[in-house]
Amino acid sequence: MASGVIFSSLRRRRSPSLEAFLAPVDLSDESLIRTVVAVAGDLVTGFSDHRLSFQRKNSRSLIRKVEVFQLLLESLRDSSVSLLPTAALCLRELFLVVYRSKILLDYCAQSSKLWLLLQNHSISGHFHDLGQEFSTLLDVFPVRAVDLSDDVREQIELMRRQSRRAKLFVDKKDDGLRIKFFSFLEAFENGRIPCSEELRRFYVDELKISDARSCRAEIEALEEQIVNHEGDIEPTVSVLNGLVAMTRCSRFLLFRFEEEDDDFGLGNENQKKAKVRLVNQDVVDKILTIPKDFCCPISLDLMRDPVIISTGQTYDRSSISRWMDEGHSNCPKTGQTLAHNRLVPNRTLRNLIVQWCSAHGIPYDPPEVIDPSAETFASACPAKATMEANKATVALLIQQLANGSQSGKTVAAREIRLLAKTGKENRAFIGEAGAIPYLRDLLSSPNTVAQENSVTALLNLSIFERNKSRIMDEAGCLGSIVDVLKFGQTTEARENAAATLFSLSAVHDYKKRIADNVGAVEALASLLQEGTRRGKKDAVTALFNLSTHTENCARMIAAGAVTGLVDALGNEGIAEEAAGALALIVRQPLGAKAVVSEQAAVAGLIGMMRCGTPRGKENAVAALLELCRSGGTAATERVVRVPALAGLLQTLLFTGTKRARRKAASLARVFQRCENASLHYGGLGLGYALASNSASTRDTTIFAGDVSVPMSISLPVL
């Protein structure tokens, strides 16, 4: 609790509130002294011999103050004299100040070097504030009323005089390094890449960032600050983005593509795969109990960064950002038109999710890189320095993909994957720079990590419209993606291959090409039936997209996709999309015949009308309507014979969405024209007649827009 408060206060450049800590109360004088002695001793023992990267003088001064107070406390402990009320109050306040000092020193010892450099002035101010609080305690503490040795009394008086004269101290060398750091950023902004020797002196000689591992840790620490950024903090997010991009580029200029063995060593692949499987299985086992309010309505996964859109609905940032990037201007859940595209963090819900995960032992990782505030910046509009640094990095990465070692190519694929995840400009120039052919080659790599990173990089690149054509036009690329979908070495690789097909199938002309690729639809159908929760979601959305092309119907039936979609009607997480795809397939007589032949089809759609979401009910009644229209007498009779249909239609006519009511009214009129309708549902005729009056024309619209399915996929975790 205390650590979180002081870290937050450091980022905000304010002193933490004393209310955030609990001072010892209801203790005897002896116990109070022992408690404060213990805290002061822990600080002195832990940091006396610890050499911090920055704030060395300030930290030494702070530790010396605590040491002097430690002498005072030990003298009080040994004297066994009752404390005056003023002295007892000072000791309680001293406990708080010493405790906060320890947290500040811990923060300086554990934080990123680059972040400490950027916050040099702010953290110096915190040291000065704590020094002033020690000075105030010295002024208030009744030193003359306490029996102290001359030596201790002399040290206290000396520290009191020094504290009164103390001024804010900002280390000139540290501040010079901070200015140098920003000068590199200015160089990138002017289109000049600093020479390797300059960068080496700064990163290696001065900051002691001596290898790729430590440099990557610094980058990740800065990215975490971007995630946690708030509007009044310096430096701004746009500057932090530039510094991250610059440091990433410097990493490859200085350390090339060396990487730690435990991440990319080929000899440890089996061990790594086993570890990944165990972690994923653990999450899968526990995800079944996740409260619905904690799951994103689009991805159905646990929300990692919940945000509120203009309609008041909450989504995971990555999912709703993908939805908006695809050109949608309405709310996926309500269908309302968005008044604006601003995303407001839902911090209350996020805190509840964190607490729930902690209570149930479920790992909860913050997003790696997200857009913290659309009001302050947008990843699609990075600063010039960020763009120039990223372009320089991409050139190095593609050079490595072309000529590097296997481990170097794996590192390069991962970095392209991460860059392509943040902003359409990045996706644009990565595609223009020629990364796609090299990523295609890595899809067939025996290295598990290389394959997973390359297919996910292609997924992220495919979000940008022009890259879709680059991927589809690249010889063998589509086939290689399908091969990963069928034979991928990891679950994530297969799922991201399915998501890539979904992204590519957003272009109508590509739907037929994807479906005609040998094994593509079969692999999606298999993933729909046997995949993980996320895999099924990716598969069903891809199949829905393919089903919107009328020429794909026969191919999907032959591949067994209809069976998979019918089975999916019983899966709450993907039933909406499955019903939507079936509603499109049954518009053709061949598709209607295939659906009718599935014994569970009609029952599954009826079940959705009874218990589904509003969107699911829309799609279910639409599928039944089209089944009656295209399936002939046999299909209509099969639907009409369902005993519960009458009540469900009446309920839907009055409580369903506008589209659901329209479809229900049309289905009622179809039944009215059946000569057996009065025999089976004689009491329903009046209700249908009333419904008929609410719709002046027969619903004969046949296009994909009548099927309501959120066109979305889950962004990769990494």
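Which helices do the buried residues of α18 pack against? The views below take this up, along with a helix pair and the nonpolar cores. The model is predicted: local features need pLDDT of at least 70, side-chain atom pairs count only at pLDDT 80 or more, and totals for chains, interfaces and linings use all residues. Residues are numbered from 1 along each chain as its sequence is written, and side-chain values use heavy atoms, without hydrogens or water.

**View 1. Helix α18 (residues 424-432) and its packing partners.** Helices are DSSP runs (H or I, at least four residues), numbered from the N terminus. Asn426, Arg427, Ala428, Phe429, Ile430 and Gly431 are buried (under 20% relative accessible area, 1.4 Å probe, protein chains only). The buried residues pack against α14 (317-325), α16 (384-403), α17 (406-420), α20 (448-462) and α21 (465-473). Gly434 follows α18, with a positive phi near 95°.

**View 2. The crossing of α31 (residues 601-611) and α32 (residues 614-640).** The axes come within 9 Å and cross at roughly 145°. Axes are lines fitted to C-alpha atoms over the stretch in contact; angles run from 0 to 180 degrees between N-to-C directions. Contact means heavy atoms within 4.5 Å. Among the contacting residues are Leu605 and Met609 of α31 and Ala620 and Leu624 of α32.

**View 3. Met609 in the largest nonpolar core.** A core joins buried Ala, Val, Leu, Ile, Met, Phe, Trp, Tyr and Cys residues through side-chain atoms within 4.5 Å. Of its 185 residues, Tyr203 and Met609 touch the most other members. Helix α4 (residues 85-110) gives the largest share, 13 residues. Beyond four places in sequence, Met609 contacts Lys617, Leu645 and Leu652, among others.

Definitions and conventions: Helices (H or I, at least four residues) and strands (E, at least two) are DSSP runs, numbered from the N terminus. Buried means under 20% relative accessible area, exposed over 50%, partly exposed in between (1.4 Å probe, protein chains only).
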